[in-house]
Every structure is written in C-alpha cells, then in structure tokens.
Amino acid sequence: MRVHVVSDVHGNAEDLATAGEGADALICLGDLVLFLDYADHGRGIFPDLFGVENADRLVELRTARRFDEARDLGRRLWAELDVDRDTAIEAAVRRQYAELFAAFPTPTYATYGNVDIPRLWSEFAGPGTTVLDGQRVELGGLTVGFVGGGLRTPMRTPYEVSDEEYAAKVEALGDVDILCSHIPPDVPELTYDTVARRFERGSRALLDAIRRNRPRYALFGHVHQPLARRMRIAATECVNVGHFASTGRPFALEW
C-alpha cells in the first residue's frame, strides 16, 4: 500500500492535481484556502482585496504578535472597501475550493485545517473524496484516524475549537495505526515556526494519545517551517507534512 499525504495546500491546485500519482490514495490534512502567503505577500485573498502594501503591513504586525493592531488594520480596510466582509470572503473561498476540490484524485481522504470553512466542503467534495473529522477509516489493513481544525488562538481563524471539543474528537478515534491531524502534538520542537518566530498551538490531547496508544505514525501540518520536521515519541514517528504549498511534493507512506 502506498499513500501520499499533503497538508497546507494553500491554493496550490496545480501540484495538487498530480499529488496522488503513483499512490493508492491521497490524504489531505487541510488548509486548502490561501488567505495570505507569508512568503509572497502578493498571493491570496487579502492582497487581492487590499493590495500588497497592506498585506506587507498585516504580516509585519502578526509576526510581531501585535494582533490587536492587526485586527484594527483589518477593520479599517474593510470599512474603506464598503462591502460585506463575510460575503466577499466566502465568494473568494468558493472560487478556490472549486479549483482545489476538482484537483483531488480518487480516492482522497481529507480533513479540515484551521483556515478552512467546513460547512462549504460538502458542496465541493466529489464522490471520490471522503471527509473525516473525529473519524477513522481502514486503508490497506491499517486504521487511520483524522482530527481536523485547530485550537483557539488570537488569530481567530475560521475553524478553531476549544481544547475540550478537540480532545473529544481525539478520544473518539480510539486506537489507530496512523493518527492524522492538521495541527501537531504539543511538543516545542514541532510547534515552533522558525520563520514566523513564534510557537503555534499544538494539542496536548494528541500528545497524550500518542503516548497512550503508540500509533505507527502521527502525521500533521500547520507549522510551515518547524524547528523539527520529524521526531520519534516512544514508538511513534511524528512527521510534519505541512510544506505542500511551497514544495508541491507529498509525503509518501508505504506498508
């Protein structure tokens, strides 16, 4: 069995269309939407609406963890644009989803990222795409569990849930051979982004499940430039696969 795994696609539909080549299945761990590319401030929904200079400023504020000022900037720009914020964002997300879901091969098993909008996925996921969140599936004789979304942060991205709700989804999986999530377990080396120069939120519930159930693999994304891309926790190989937007290369898993 050969499975290709991607996360943090962030608008890279061109490479997504070939990500499943040579594999029996594709796994996608979310963040399909590109709101703002921190490497190229001219790409994404935000610069399309407000221009590159404002995108530069937003990235500067967020990187400095000046989140209140970043929100103030956003409120001012939306007021000046004089359009309904939710309507404009949803229209842009729908355009991205139409292209990205059409690029998924069959079969694809996917869960949400923190910047995704779960309620829209059912409109775009075709019959070859199975969406799972707090659920498991059998692939090639192994049990694969999926936990989507992120934990609550000052960024207030679209799909953030409480620690308790997230832990309940992890608990619902039970013992799995491969634990798939969008965010990493709460380990400093796996949660620190070396370019953004901040710790992203990892999940203690995921870490506890890894230590308790000892899956073969824990696969995740979310942190684009982690201090450590992979490490072993007890018997589990933990691998960050959240580099797809920049590299276009999936992580290959065989058994």
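This is a predicted model: local features need pLDDT of at least 70, side-chain atom pairs count only at pLDDT 80 or more; totals for chains, interfaces and linings use all residues.
**Aromatic pairs**
- The count of aromatic pairs comes to 12.
- One of them joins Phe101 and Trp121 in an edge-to-face arrangement, with 5.2 Å from centre to centre and 80° between the planes.
- Phe101 belongs to helix α5 (residues 85-103) and Trp121 to helix α6 (residues 118-124), so this pair ties together parts that are 20 residues apart in sequence.
- Phe101 is buried, at a relative accessible area of 6%.
- Trp121 is buried as well, with a relative accessible area of 1%.
- Ring pairs link a cluster made up of Tyr97, Phe101, Phe104, Tyr112, Trp121, Phe124 and Tyr159.

**Open sheet**
- An open sheet is formed by 5 strands in the order β4-β3-β2-β1-β15, and its pairing is mixed.
- The edges are held by β4 (129-131) and β15 (251-254); each has a single partner strand, so one side of each is left without a neighbour in the sheet.
- From one strand to the next, the twist averages 25°.
- Strand β1 (residues 2-6) and β15 run antiparallel and are joined by 4 bridges.
- Opposite Arg2 stands Glu254, a residue of β15.

**Helix pair α7 and α9**
- Helix α7 (residues 163-173) packs with helix α9 (residues 204-213) at an angle of about 25°, and their axes are 9 Å apart.
- The two helices therefore count as roughly parallel, since the cut-off for that label is an angle under 35 degrees.
- On the α7 side the contact is made by Tyr166, Ala167, Val170 and Glu171, and on the α9 side by Ala205, Leu206, Ala209 and Arg212.
- The crossing in which α7 passes α9 is right-handed.

**Positive phi in residues other than glycine**
- Asp82 has a positive phi of about 60° although it is not a glycine.
- The place of Asp82 is the loop between α4 (67-81) and α5.
- Asp82 counts as exposed because its relative accessibility is 68%, and the cut-off is over 50%.
- Arg197 is a residue other than glycine whose phi is positive, near 60°.
- Arg197 lies in the loop that runs between β10 (192-193) and β11 (198-199).
- With a relative accessible area of 55%, Arg197 is exposed.

Note on methods:
Residues are numbered from 1 along each chain as its sequence is written. Side-chain values use heavy atoms; hydrogens and water are left out. Rings of Phe, Tyr and Trp (its six-membered ring) pair if their centres lie within 6.5 Å; planes under 30 degrees apart count as stacked, over 60 as edge-to-face and the rest as tilted. Buried means under 20% relative accessible area, exposed over 50%, partly exposed in between (1.4 Å probe, protein chains only). Two strands pair if DSSP finds at least two bridges between them. Axes are lines fitted to C-alpha atoms, for helices over the stretch in contact, and angles run from 0 to 180 degrees between N-to-C directions. Angles under 35 degrees count as roughly parallel, over 145 as roughly antiparallel, 65 to 115 as roughly perpendicular and the rest as oblique. A crossing is left-handed if the near helix is turned anticlockwise from the far one by less than a right angle, and right-handed if clockwise. Contact means heavy atoms within 4.5 Å.
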